[in-house]
Amino acid sequence: MPRTPSRRTVLRGLTVTGAAVTGFDPAARGWAASGTGSGPDLARIPRLDGTLVMDDPSLTAAAEDYGHIVHRRPVAVLRPGSVRDVVVMVRFCNEHRVRVAPRGQGHATSGQAQVQGGLVIETATLADIGPVAPDATTVTVGAGARWSEVAKAALAHGRTPPVFTDYLELSVGGTLSVGGLGGQTHRHGAQVDNVTELQVVTGAGEFVRCSPSRHPDLFHAVSAGLGQCAIVVAATVRLVRAPETVRHYLLPYDDLETFLADQRTLVEEGRFDYVEGLVSADPGGAFRVFTLEAVAYGPPAGPAPDDTLLLRGLRHDPSGVEKTDLAYYDFLDRLAPTVAELKEAGLWTYAHPWLNLLLPGDSAAALTARMLADLTPADLGPGVVLVYPILRERLTTPLFSAPDDPVPYLFAVLRTTPPEDTATVDRLLTANREAYDAAAATGGTQYPVGSIPFTHADWRAHFGAEWPRLEAAKRTYDPRRILVPGQGIF
Ligand SMILES: Cc1cc2nc3c(=O)[nH]c(=O)nc-3n(C[C@H](O)[C@H](O)[C@H](O)COP(=O)(O)OP(=O)(O)OC[C@H]3O[C@@H](n4cnc5c(N)ncnc54)[C@H](O)[C@@H]3O)c2cc1C
């Protein structure tokens, strides 16, 4: 007879007491009886406020992400009921050298939030959104909160975080671990540049509040630190005045260099609050249809938008301009209808071997032209190509690796392809690597949210002069190297 969840059992080194565990089926999982294993004794874990689950659907889900390419199965998934649960479980895992990966919304594309045979900590249950500070300049939010929820809470006070990702249903902890870029980055930096304090649990299981002035080494190791030194459990995010409405422009171009140059003019002048751009294929399949997307915030965050002033001197085709006035939140959440359609069509569960690069401004035109020439509509699938400039001087987070150029460009090929066609997926991963090599040869970096095959040596090069500080922080805060192996850094 298999033992029930209330008995101690052992699997591949983990001994478990059912009190804190749900979904446990020792027979189905081939677990041995208590005392027959040599592994850590989960019976020593104090009572949890949340749950530790080991049921097949939970483990299978934790071995998936938005990429649908990499699958690493954990032994257990923690749904913390409190920060204390994170401390308790990380201490336990540290003691027993069990590897741990925090997972926000699992929208990484290459197994970054997965851990084979370890513990996944789902942060979605740590999603409290604290009161907006009395001076309305910050709000403290749980790491599992999604940016849509943060935006709504701030907007109730007429405030907003200054920078958003294009898609709002990503976790705060997940985007702060990578950076968090959007069309507002040229004005305000990345999301991670707009954080005043982090509450974290280190790899040694210590809860610490850190900021640029309090444990700054830890703060800088965690911000855009790809989860290597600590798990973010809460973040204090800067808020600015929100507009009520925005004016959204789509400006068509038929020439790459003119398109990139006008984008650059706009971000250098700060004429718009948001600047991005899209590239699509013409009917012949050549990627030479360019659309500059620009947004001006209205009152009370900015003046009433004036078309003449905003569009002066730009070299788009004036006959193709699309202009829309939108409520601010509707603008932020503009991808929601498209995402619903993609889900409806089953495309959300396709493979996403994404390429995300940051190109030096001085070689952006040549590199982009070359990469677009190599791209076919079939290899993009029902995805998109994004190109937009940011300002280097606005990026202040040391571990956010960007080209040493005043105006780098994000170049993102958001590929979507059937997951069962593994040969195509592998070919696209190779193409990603080749594109990265071409970019890196001119000082480009990857924005590490995609799927580029990367070695330990690549990561050292990626972090460059910051590598010794990251390595030192890893030694101090995650001495047993249990955190986030899916990034492949240590
Ligand atoms: C549809 C879509 C649109 C996107 N748009 C943008 C965009 O406009 N701009 C942009 O910058 N990015 C964008 N991204 C990329 C996205 O920001 C990153 O993949 C981000 O990490 C995903 O957040 P998540 O909550 O899903 O994180 P996960 O995928 O769950 O985790 C990502 C990494 O962060 C680590 N991590 C997660 N939570 C924590 C935590 N609390 N503490 C420490 N480490 C943690 C994980 O272990 C993992 O290594 C987009 C992704 C998708 C799928």
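This is a predicted model: local features need pLDDT of at least 70, side-chain atom pairs count only at pLDDT 80 or more; totals for chains, interfaces and linings use all residues.

Q: Which residues come nearest to the ligand?
A: Pro102, Asp166, Ser171, Leu181 and Tyr447 do, out of 34 residues around the ligand.

Q: What classes are in that shell?
A: The shell has 17 nonpolar residues, 15 polar ones and two charged ones.

Q: What lies 2.7 Å from an N or O atom in the side chain of Ser177?
A: An oxygen atom of the ligand does.

Q: And how much of the ligand does the protein bury?
A: Taken alone, the ligand exposes 960 Å², and the protein buries 95% of that.

Q: Which elements give two or more residues to the shell?
A: Strand E7 (100-103), helix H5 (172-176) and strand E14 (230-238).

Q: What about backbone atoms?
A: A polar backbone atom of Gln105 is 2.9 Å from an oxygen atom of the ligand. For Gly106, a backbone N or O atom also lies 2.9 Å from a ligand oxygen.

Q: New topic: helix H12. How many residues does H12 have?
A: H12 has 14, residues 361-374. From first C-alpha to last, H12 reaches 20 Å, close to the 20 Å expected.

Q: Where does H12 bend?
A: At Leu367, by about 25 degrees.

Q: Why do residues three or four places apart point the same way?
A: Because an α-helix has 3.6 residues a turn.

Methods. Residues are numbered from 1 along each chain as its sequence is written. Side-chain values use heavy atoms; hydrogens and water are left out. Helices (H or I, at least four residues) and strands (E, at least two) are DSSP runs, numbered from the N terminus. The expected span of a helix is 1.5 Å times one less than its number of residues. The bend at a residue is the angle between axes fitted to the seven residues ending there and the seven starting there. A residue is near a molecule or strand if one of its heavy atoms lies within 4 Å of it. A polar contact is a pair of N or O atoms within 3.5 Å; within protein, one must be able to donate a hydrogen and the other to accept it, and residues adjacent in sequence count only if both atoms are side-chain atoms. Accessible areas come from the Shrake-Rupley method with a 1.4 Å probe; for residues, only the protein chains shown count as cover. Ala, Val, Leu, Ile, Met, Phe, Trp, Tyr, Cys and Pro count as nonpolar, Asp, Glu, Lys and Arg as charged, and the others, Gly among them, as polar.
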